[in-house]
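Visitor: I'd like a quick tour of this one. Can you walk me through the fold and the packing?

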Amino acid sequence: MKTVSENRAFGGVQGVYSHASDSCACEMTFGLFLPEEAQTAPVPLLWYLSGLTCTHENAMTKAGAQGWAAEHGIALVFPDTSPRGEGVSDDEAYDLGQGAGFYVNATETPWAPHFRMWDYVSKDLTDLLGAEFAVDLDRQAITGHSMGGHGALTLAMAHPERFRSVSAFAPIANPTASDWGRKQLSAYLGADEAKWIRHDSTLMMQETGFDGPILIDTGTSDQFIDLLRPEALAAAIAKKRQQAVMRMQPGYDHSYFFVSSFMEEHVAFHVDALYA
């Protein structure tokens, strides 16, 4: 592991680090905020998964999360959204390839050798954080925005024993029925739609639900709302009788102005679960 940068922030340290990933077979970069409490004992960990076109840097610099994390003594990790670098496949479109890993393990050519973001988040980076930093892996929660909200919800439902709570900002909630999903899932996973199910939070909600609290915010003026399909997930939550708070926020769009407006509430929501 290499230290790219470390900056004092809110009494703690905002770092950026790179390492060789076995899952992605390339060098990966992530951001990690550690509060002051991490100097003396392991602290709870909140994951933030970013959306299409983003890197580890977007939420780290725009979401305004570190101040709220410091207030409650929790760590924040900001993974990248895809593998990158020479030899890693890409596409001319912004919503496929580098910057658009979709948090799946690709099985199709040319994506399979590197695009294994599901394993990267759930294994590689998790193991590294536990080995190198003062984080408590018995107290984890997860959130994300857009494509990252999709990743947060599906990873949480697949690993309820790991994550105590999950939240999402404008998640891609039903990708198997959306152009933001069908394109990527078919490219990465192939034509067999049975393989897509575990990567659709609406279908996963219908099948398994989540053993913990859920918070989801979407703006009513989100320019991508028809692609996000929040109504499909809301119906699945109601049918499953899953404990969840799902809010439509009047006038908000898909930007980080929206994310930062509700970040304090999302951090506090996770803190309740992490310290329960």
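Guide: Buried means under 20% relative accessible area, exposed over 50%, and partly exposed in between, with a 1.4 Å probe and protein chains only. This is a predicted model: local features need pLDDT of at least 70, side-chain atom pairs count only at pLDDT 80 or more, and totals for chains, interfaces and linings use all residues. Residues are numbered from 1 along each chain as its sequence is written, and side-chain values use heavy atoms, with hydrogens and water left out.

Visitor: Which residues of helix 3 are buried?

Guide: Met117, Trp118, Tyr120, Val121, Ser122, Asp124, Leu125, Thr126, Leu128 and Leu129. Helices here are DSSP runs of H or I with at least four residues, strands are E runs of at least two, and both are numbered from the N terminus.

Visitor: What covers them?

Guide: The cover includes strand 2 (12-21), strand 3 (26-34) and helix 4 (147-158). Contact means heavy atoms within 4.5 Å.

Visitor: Where does helix 3 bend?

Guide: At Leu125, by about 30 degrees. That is the angle between axes fitted to the seven residues ending there and the seven starting there.

Visitor: Now the core. Which residues touch the most other members?

Guide: Phe30, Leu32, Trp47, Leu129, Ile142 and Tyr188, in a largest nonpolar core of 86 residues. Helix 9 (residues 256-274) gives the most to this core, eight residues. A nonpolar core is a set of buried Ala, Val, Leu, Ile, Met, Phe, Trp, Tyr and Cys residues joined through side-chain atoms within 4.5 Å.

Visitor: What does Leu32 touch?

Guide: Leaving out residues up to four places away in sequence, its contacts include Tyr17, Leu45, Leu76, Leu129 and Phe133.

Visitor: Switching to rings. How many aromatic pairs are there?

Guide: The whole structure has 12. Rings of Phe, Tyr and Trp (its six-membered ring) pair if their centres lie within 6.5 Å; planes under 30 degrees apart are stacked, over 60 edge-to-face, the rest tilted. Tyr17 and Phe30 make a tilted pair, 5.6 Å centre to centre with 35 degrees between the planes. Tyr17 lies in strand 2 and Phe30 in strand 3, so the pair ties together parts 13 residues apart in sequence.

Visitor: Is Phe30 buried or exposed?

Guide: Buried, with a relative accessible area of 0%. Tyr17 is buried too, at 3%. Tyr252 and Phe262 form an edge-to-face pair, 4.9 Å centre to centre and 70 degrees between the planes.

Visitor: Which cluster do those two belong to?

Guide: Phe169, Tyr252, Phe258 and Phe262 form one aromatic cluster.
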